[in-house]
Amino acid sequence: MKKTSFVVFLVFLSIILVGCQQEKIGTHAEVTEGDFIYRLVTEKAAYSDTEPIKLYAELEYIGDKEKITIWHADSPFYFPMTETTRNYEIDSFKPLPLISTEMIKGEPLRAEYKGSGGYSSEDKKEYIEFMEQIMDQQFPEGHYIVEGFADFWVQENGDKKDYWITAKIEFSVGQK
């Protein structure tokens, strides 16, 4: 009976420990979908509050053709994020013209983060000040989770194929 109770206790403890583990998010994420690889990268896990944030996305074509044309808005890359200390959502907007980009197999298309976010005159002063800093690429102290994505489509054999490839990374500013 003691042996059975001990085994039940170990199984129960294992279930609790697995359930309590948090998802580990790193500074680099890579996702393959179809003929494309999407990468989302920040160069460091922690930045000082005076350092510029190095954040970029890449899209690489790995299919059978030597080159392919993708269609997208102003850019296929989006960098929405959450600052978890304040629980602020930072949106990533793009102008909506339809643009095509020819991609060559094995040569990644790359875009660096250039600021994002927005606010209205009805938002609180602290939120407006925070967003103005983000829009200027001056990240206030905090913990940031970027849920980036590439949004584009290709025309294959007369059919339109949509892609929405997502990845998640994190970094902190001014926190050690």
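I started with asparagine 87, which counts as exposed because its relative accessibility is 57% (buried is under 20% relative accessible area, exposed over 50%, partly exposed in between, with a 1.4 Å probe and protein chains only). The model is predicted, so local features need pLDDT of at least 70 and side-chain atom pairs count only at pLDDT 80 or more, while totals for chains, interfaces and linings use all residues. Residues are numbered from 1 along each chain as its sequence is written, and side-chain values use heavy atoms, without hydrogens or water.

**Asparagine 87, continued.** I placed asparagine 87 in the loop between strand 7 and strand 8 (88–90). Strands (E, at least two residues) and helices (H or I, at least four) are DSSP runs, numbered from the N terminus. I then looked up the backbone of asparagine 87. Its phi is near 60°, a positive value in a residue other than glycine.

**Asparagine 157.** I found a positive phi here too, about 50°, and asparagine 157 is not a glycine. Asparagine 157 sits in the loop between strand 11 (142–156) and strand 12 (159–173). Is asparagine 157 buried or exposed? It is exposed, because its relative accessible area is 81%.

**Glutamate 83.** Glutamate 83 counts as buried because its relative accessibility is 0%. Which residues does glutamate 83 touch, leaving out those up to four places away in sequence? I listed Tyr88, Phe130, Glu141, Gly142, His143 and Tyr144. A contact means heavy atoms within 4.5 Å. I also checked glutamate 83 against glycine 142, which is 59 residues away along the chain. Their C-alpha atoms are separated by 6.4 Å.

**Isoleucine 25.** I found isoleucine 25 in the loop between helix 1 and strand 1 (28–33). Isoleucine 25 has 10% relative accessibility and therefore counts as buried. Setting aside neighbours within four places in sequence, I found isoleucine 25 in contact with Ile145, Lys168, Ile169 and Glu170. Valine 146 is 121 residues from isoleucine 25 in sequence. From C-alpha to C-alpha, the two are 9.9 Å apart.

**Whole chain.** I counted two helices and 12 strands. From the N terminus, the order is α-β-β-β-β-β-β-β-β-β-β-α-β-β. Of the 176 residues, 38% count as buried. Of the contacts between residues at least 6 apart in sequence, 66% join residues at least 24 apart.

**Confidence.** I looked up pLDDT, the predictor's confidence in each residue, from 0 to 100. The chain has a mean of 87, and 86% of its residues reach 70 or more.

**Largest pocket.** A pocket is an open set of points on a 1 Å grid over the protein atoms alone, where a 1.4 Å probe fits, with protein on both sides within 12 Å along at least five of seven lines; lining residues have an atom within 4 Å of a point. I listed part of the lining of the largest pocket, including Ser75, Phe77, Phe79, Lys94, Glu112 and Tyr113. Gly115 and Ser116 also line the largest pocket.
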